[in-house]
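Welcome! Please take a look at the sequence and the model below, and then we will walk through them together.

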Amino acid sequence: MFIRLLAFLCLVSIPVTAEEVVIGLSQNEVAITATFDGDDILVFGAVKREDAIDTENPLQVVISVAGPSKPITVRRKERRFGLWVNTDAVDVDEAPSFYAVATSAPIEDVLSEVDDLRHRITIPRAIRSVGAPMNVEDPENFTEALIRVREKNNLYQTNIGGVGFDQQTLFRSYFELPSNLTEGEYETRIFLTRDGSVVSDYATTISVKKVGLERFLYNLAHTKPLIYGLMSLAIAIFAGWGASAIFQAFRR
C-alpha cells in the first residue's frame, strides 16, 4: 500500500507539459554529388497545447542544426624575423563542422544564460573546450578565432529573427547548407522557450552523404589506397599525354 501511495505521489509531482513541439523537414537527406553547390532546408512545425495561448508570457522558438563534431587544434601565427610562424596552440575538444541557429526574437529575449549553458544552443556554447596549456594566457581568443573563420566560410550561422512564428502556433525557418559540407548526421533541435527558459524541445537528424562517383572515390581512397593512388597516377599520366598530343596537333 505504501509503495502504491509513493508511486502515485511521484506521478503527481511530475509537471505536465502544457506545450510541446510537432515538427517536419522539407527533406531528411542531402546528397553530395559532383555538381553539389549547397542546399536549403526548411524546418517547420507547430505547437501542440492543452491550454489556451498565454498572451502575457508568449512562447519563443529556437532552432539549431549541427554537423558532426570533431576535435581541432587552433594555432596562432606571429611574424618572426620576417616570416609567419606558428606559436601558441589550443586543442578544442569538440567543434561542430557546421552549426546554424535561428531564433524568433533577439537572443537575450529568447534564451537565458543558464538554459543556453544546459542545452549548448548558441555557437560559443556548442564548442567544447575544456582545458588549455598553462603558457597560453588567452585561450578564449582561439575559440573566437575558430568561430570567425567558420562564419566567414558560411559554416557557422546565426540568424536572429530567422524563425517565423505565426499566432504562437506555426513556425518555420530556412537553413542554408553550404557546398563544403562534411558527411554525416546533422542534428536538428527545436526549443520552445518562455521567459528565457526551455519548456519543450525536440530533436531529429538530417543525413548528409556522398553519392555516385563521389561515394565510389571516397570509399576507394579509404579502403584501397594503393589502387586509388595508382589510378590517380594513371589518370595524371593520361591527361598529360593527351594535352601534349593536342598541343603537338595544333603546332602542325
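## Starting at one serine

Where does Ser-104 lie? Ser-104 sits in the loop between S7 and helix H2 (107–110). Helices (H or I, at least four residues) and strands (E, at least two) are DSSP runs, numbered from the N terminus. This is a predicted model, in which local features need pLDDT of at least 70 and side-chain atom pairs count only at pLDDT 80 or more, while totals for chains, interfaces and linings use all residues. Residues are numbered from 1 along each chain as its sequence is written, and side-chain values use heavy atoms, leaving out hydrogens and water.

Ser-104 counts as buried, at 18% relative accessibility. Here buried means under 20% relative accessible area, exposed means over 50%, and partly exposed is in between (1.4 Å probe, protein chains only). The side chain of Ser-104 makes a polar contact of 2.6 Å with the side chain of Gln-60, and also reaches the backbone nitrogen of Val-61 at 2.9 Å. A polar contact is a pair of N or O atoms within 3.5 Å; within protein, one must be able to donate a hydrogen and the other to accept it, and residues adjacent in sequence count only if both atoms are side-chain atoms. Leaving aside residues up to four places away in sequence, Ser-104 touches Gln-60, Val-61, Gly-161, Val-163 and Phe-165.

## The chain as a whole

Stepping back, the chain has 7 helices and 12 strands. Of its 252 residues, 33% count as buried. Among contacts (heavy atoms within 4.5 Å) between residues at least 6 apart in sequence, 71% join residues at least 24 apart.

The accessible surface of the chain comes to about 16,100 Å², and 57% of that belongs to carbon and sulfur atoms. Such areas come from the Shrake-Rupley method with a 1.4 Å probe; for residues, only the protein chains shown count as cover.

## Aromatic pairs

A search of the whole structure turns up 2 aromatic pairs. Phe-98 and Tyr-186 form a tilted one, with 6.1 Å from centre to centre and 45° between the planes. This pair links distant parts of the chain, as Phe-98 is in the loop between strand S6 (83–96) and strand S7 (99–103) and Tyr-186 is in strand S11 (residues 184–194), 88 residues apart. Phe-98 is buried at 0% relative accessibility, and Tyr-186 is buried with a relative accessible area of 2%.

The rings of Phe-165 and Phe-171 have centres 6.5 Å apart and planes at 70°, so this pair is edge-to-face. Both Phe-165 and Phe-171 are buried. Rings of Phe, Tyr and Trp (its six-membered ring) pair if their centres lie within 6.5 Å; planes under 30 degrees apart count as stacked, over 60 as edge-to-face and the rest as tilted.

## Salt bridges

How many salt bridges does the structure hold? There are 5, each a side-chain nitrogen of Lys or Arg within 4 Å of a carboxyl oxygen of Asp or Glu. One of them joins the side chains of Glu-20 and Lys-48 (3.9 Å, N to O). Glu-20 lies in strand S1 (residues 19–25) and Lys-48 in strand S3 (residues 39–49), so the pair ties together parts that are 28 residues apart in sequence.

Another salt bridge joins Arg-118 and Asp-115, whose closest N and O atoms are 3.1 Å apart. These two residues are 3 residues apart in helix H3, so about one helical turn separates them. Arg-118 is exposed, with a relative accessible area of 56%, whereas Asp-115 counts as buried at 4%.
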